[in-house]
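Hi,

Here is the structure I promised to pass on. Have a look at it first, and my notes follow below.

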Amino acid sequence: MNYVVEMKNITKVFPGVVANDNVNFSVKKGEIHVLLGENGAGKTTLMNILYGLYEPTSGEIYIKGEKVEIKNPNIAIEKGIGMVHQHFMLVEPFTVAENIILGTEPSLYGGLKLDNEKAVEEVNRISNEYGLAVDPNVKIEDISVGMQQRVEILKALYRGADILILDEPTAVLTPQEIEELGVILRNLANQGKSIILITHKLKEVMAMSDRVTVIRRGKIINTLNTKDTSGEELAELMVGRKVNLVVQKEKREAGKSVLEVKDLHALDNRGVPALKGISFEVKAGEIFALAGVDGNGQTELIEVITGLRNAIKGKVLLEGEDITRLKTRKIIEKGVGHIPEDRLKRGLILNHTIAENMILGDHHKEPFSKNGIMNYDIIHEHAKKLIEEFDVRTPSEEVNAKSLSGGNQQKVIIARELNRDPVLLIAAQPTRGLDVGAIEFVHKRLVEQRNRGKAVLLVSLELDEVMALADRIGVIYDGKLVGILSAEEATEKKLGIMMAGGKA
Amino acid sequence: MERDSKLKTFVENIKFPLLAILLSFLIGALFIIWTGNNPLVAYGALLSGSLGGLDRFGQTLLKTTPLIFTGLAVSFAFRCGLFNIGAEGQYVIGALTTVAAGYIFNSIFGDLPRFIFIPLVMLAGALGGALWAAIAGFLKSKLGVHEVITTIMLNYTSIHVSNFFVRTALNPSTLEGTTQKAYTVLLPESARLTQLKEIIPWFGYSSVHTGIFIAIICAIIAYFILFKTTLGYEIRSVGQNSHAAEYGGISVSKNLVLAMIISGMFAGLAGATQVAGLNYKVDMAPISPGYGFTGIAVALVGKNHPLGVLASALLFGILSNGARRMQIEGIPKEVVGIIQGIIIIFIAGERIIKFVSEIRERRNRKCNVEGVN
Amino acid sequence: MLSIIIAVVASALRLATPLIFASLGGVFSERSGVVNIALEGIMINGAFFSILTTEFTDSPWLGVLVAAIVGILTSLILAFLAVHLKADQVVTGVAINLLSASFTAFLLEIVWHRSGQTDPVENAIRAKPLPLINKIPIIGDLTSQLTPFVYLAILAVIVSYYVLYKTPFGLRVRAVGEHPRAADTVGINVYKIRYICVMISGALAGIAGSALSLGAISLFREGMTAGKGFIALAAMIFGKWHPVGAFLACLFFGFTEAIQIQASTLGLGFIPSEFLQIIPYVATILALAGVVGRAVAPAADGVPYEKGER
């Protein structure tokens, strides 16, 4: 059989975790092969081993039939392996050409002078050869994400890669860009390149691949021909049981408006407009979901509502009261709960105890604090109560948040935010990186909140989640609201078009 | 059970600094051997010179006093995620404002009673240090300028600022019409701290003064602020994760500035007690005395815990006072400086120990494999 | 008047010379992502060992070479702790500074049996009139007041600029300082680059120390660096982490010092000398605060790189 990559009995153990457990994985020449699995299933670890970023604990790798030991990326590159990482490995202040040649620079006088002309020439040559147009002389910081991805692919091709690994390449792309990427990859495959695609998105598997290997909890479940399988079958293999993403929820009438966002404008961290006049409202007793591709202003929107970012124009009203210029502390006190999109960055202080994390945001108020003095007895009692109520798996409330699993960390945050009994709950990517059990827990809590007549603003990149939970769905694109659909009218297709900025 | 686990974390916490100190003394011994001396004799001299008798111990406490303050300064800022390398400069400015306040209050109010005058000059010193530190705090919180660089720059600036005032506005020639001097006017008698030997004669020649008690009280205050108050909770939150703190409604910029100001107050008090307890004046100086830099070492060895700082400041006090006795025995006192440097290197490279054990493990594994083959 | 101006310019160049070497050292280290607070301590070692070597071999240029080697050895402590063990780079730098000051004072006592300062060496590196150029008016006068260190410093600036911006090695250094992971994924050995840069930094700072002792007062004195390493650090920041920028900043700082020394001759005695002395420090703070064009450090400056990080 004509396999270009064969990974045999690969095991990789990190302290406390078996990331890959006796994995066998092989790729044919000229195919697009998807490595499918949930977050944390071990896909990226396996590919990092292939690319020489990790050494396997045990196992063997064959490239084009030859047994190899890939101790570092240099060897991988030498063997014709290229990798496009999920977080681009590009040096921002460098030009496109400099990034592409970095590490394999053309030079004069035996390495004493960088040959810039040759570099640009080479970049132009391969970009023509594979139909990937780029401008070699612009800086990375000045080009779009889609273009940056192209540079990453060119980087691999410049190094003579004929085995190309792409890690979650579609996460940051619009549906149109995803389609373009599909065409590019198919062209490359037709020119004899073998492509490995890491993803957890079923739709892309079905659209782009020839074969698919499913990995779950570090183990290979099966390898299938894409045309012989279906999305449903793959989903089942991926999570290990029939998925029931349909959340049980009664229909109910929404009440009065709780959150009103009016013509909101704001800038992102680089000072570029991120919100360009967005307006919507969230009513009591409904889950209003904001769907959209990452990076279309969701982060900035939440930050403006919660007082973490200044609006340059427009208004945010909470139960009719203007909260646009209020500080975060005041907004919390007005009854806004917030499950942040990045729980490690915003949601928790990892080196504080669970007890100390459970009061973040309420720490300055009685009974936790009186006249500027903390009452740690009450704080610990409070934490014990919430640990019990929300079933946080921990030895005690005195351990640091760092030592909890992702799902339990998220429970700490949810416990804290719901305990405040907020009139508005903002849940940003609340299930990112969680396993199925934890996802169900989070979904149940969100619906409960809605059923108690509270307003819920859900921001999610996962269309399945949005469609399962929301009463109404707004789609955000380029800092503006494209439109709002009721749960009944929304279909994946309509939402997809809107997420690309089109009218449904 | 709970006490057990607390004891365990305590041991866990001090295990490493103790090991670092031990190793540093061992390496120091090599330097002593190099000079042709017996390390045991040298370290004996070090200990007897610093702890042998109440007079010597008093002198050790005298050296310890400013180190407690600067150690607290560095560790308090560190709890808020700030690396205050500027305790040095805050010390210099604190000393200067203490002398200035002494002169000003004395000339306005005449002879003030000690229980009023001493707190006043202490406050002046603390405010001087706080003001100097606040510059770095504001630049960090408003403009994101890294405090390490600003505090270094402010250290050198402070020396020249101090020299300028010593030479001009605070010089006896300006204020008292004498000839030009290389130091300021003297601090009035009633603003000076009491020396312990005035109360307990056994302290003999040592000049230890009540500043040591002020230092210990400050350590307790620092502990209380950090671990018992809302301000402390907020400061530690900002220090551990400023994004999460901000999300929890904590003002990051306010806490950065506050932490820096409190840190600067401690460093300023180092200057104030040094002036009010020992020197009674500020001299012209080409370089600063180094208490701020040693304060970094004190904070590191004390694991940035106020009570740890007390212990480690005493250690550095012992080293610096004992060095004199070693010098008398004919061993260069620089050995002590070398030991201090090595302690910091070990503490900074906490992973050295881990690294060494990893190498050993790898070697063992290799041996095993070879054995099998 | 002309002779005064020439004297000031010459003095500025001489004073700037140690700063130029050391701040170029800073540029190399920080461009690769390692903050080098230890410049001061490395300079102290360089200053001492160049005098020591010259004292015993009577060869000042061997002294410079030994200063560079000792600088490299000292910098290896920083490299090992900061790169390998991911220790806090600032703390390590502070430790090296303390250690170097004590270590040289210790050796001074062992070798010369006294503290404070060494004897002057007879054969130091002194200003010499250059043949031919010597005959040109003004330039001849100026060059006759300059030591070979000055020319060496200017050469070092040009070479540093070329290496960092025109060679494959320089491209890699800058990539490592900006985005070490990206460099790692294209097969660049991040640790190796950082080690090399810290060692270059040590060599340059060691030479800077020898310029301070051998090239100026012919002896070693405790505390003679007096913060020069930090002024060099300031110059590097003021010069935006660029060799030519750092060079210009050093010249500027050299001039302020020269003017301060010559203040009374220049009729500037009314300016308090302290005011001129704080200029480098205040200028650097203003540069960082964005008052005189914002200075931005390399993105990964001071961040240890963990290879197997997930």
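**What I found**

Let me begin with a pairing in chain A: E13(A) and E16(A) run antiparallel and are joined by five bridges. Before going further, some housekeeping: this is a predicted model, in which local features need pLDDT of at least 70 and side-chain atom pairs count only at pLDDT 80 or more, while totals for chains, interfaces and linings use all residues. Residues are numbered from 1 along each chain as its sequence is written, and chains are lettered from A and ligands numbered from 1 in the order in which they are written.

On terms, helices (H or I, at least four residues) and strands (E, at least two) are DSSP runs numbered from the N terminus, and two strands pair if DSSP finds at least two bridges between them.

**The four-stranded sheet of chain A**

The strands E13(A) and E16(A) belong to an open, antiparallel sheet of four, ordered E14-E13-E16-E17. Strands E14 (273-283) and E17 (321-322) of chain A are at the edges with a single partner strand each, so one side of each has no neighbour in the sheet.

Two bridges link E16(A) to E17(A), with A:Leu317 opposite A:Asp322. The hairpin of these two strands has two residues between them, and A:Glu319 takes a positive phi near 45° in it.

Helix H9 (residues 298-305) of chain A lies across E13, E14 and E16, at about 65° to E14(A). Here angles run from 0 to 180 degrees between N-to-C directions, with axes fitted as lines to C-alpha atoms, for helices over the stretch in contact; residues are in contact if their C-beta atoms, placed from the backbone, lie within 7 Å.

**The six-stranded sheet of chain A**

Another open sheet, with mixed pairing, has the order E6-E9-E10-E3-E11-E12. Its edge strands are E6 (81-84) and E12 (219-225) of chain A, each pairing on one side only. Neighbouring strands are turned by 20° against each other on average, direction ignored. Strand E11 (residues 211-216) of chain A runs antiparallel to E12(A), with six bridges between them, and A:Ile215 has A:Ile220 as its bridge partner. Helix H5 (residues 145-158) of chain A packs on this sheet, touching E6 and strand E9 (163-167), and its direction makes about 170° with that of E6(A).

**Chain A overall**

Chain A has 17 helices and 24 strands. Its radius of gyration (over C-alpha atoms) is 25 Å, close to the 23 Å from the globule rule (2.2 Å times the number of residues to the power 0.38) for 504 residues, so chain A is as compact as a globular protein of that length. The C-alpha atoms fill a box of roughly 70 × 50 × 45 Å along the principal axes.

**Contacts of chain B**

Which helix supplies the largest share of the side of chain B that touches chain C? The contact takes 37 residues from chain B and 36 residues from chain C, and H6(B) gives the largest share of the chain B side, 11 residues. Towards chain A, 14 residues of chain B are in contact with 21 residues of chain A, and H10(B) leads there with five residues.

Best wishes

Note on methods. Contact = placed C-beta atoms within 7 Å.
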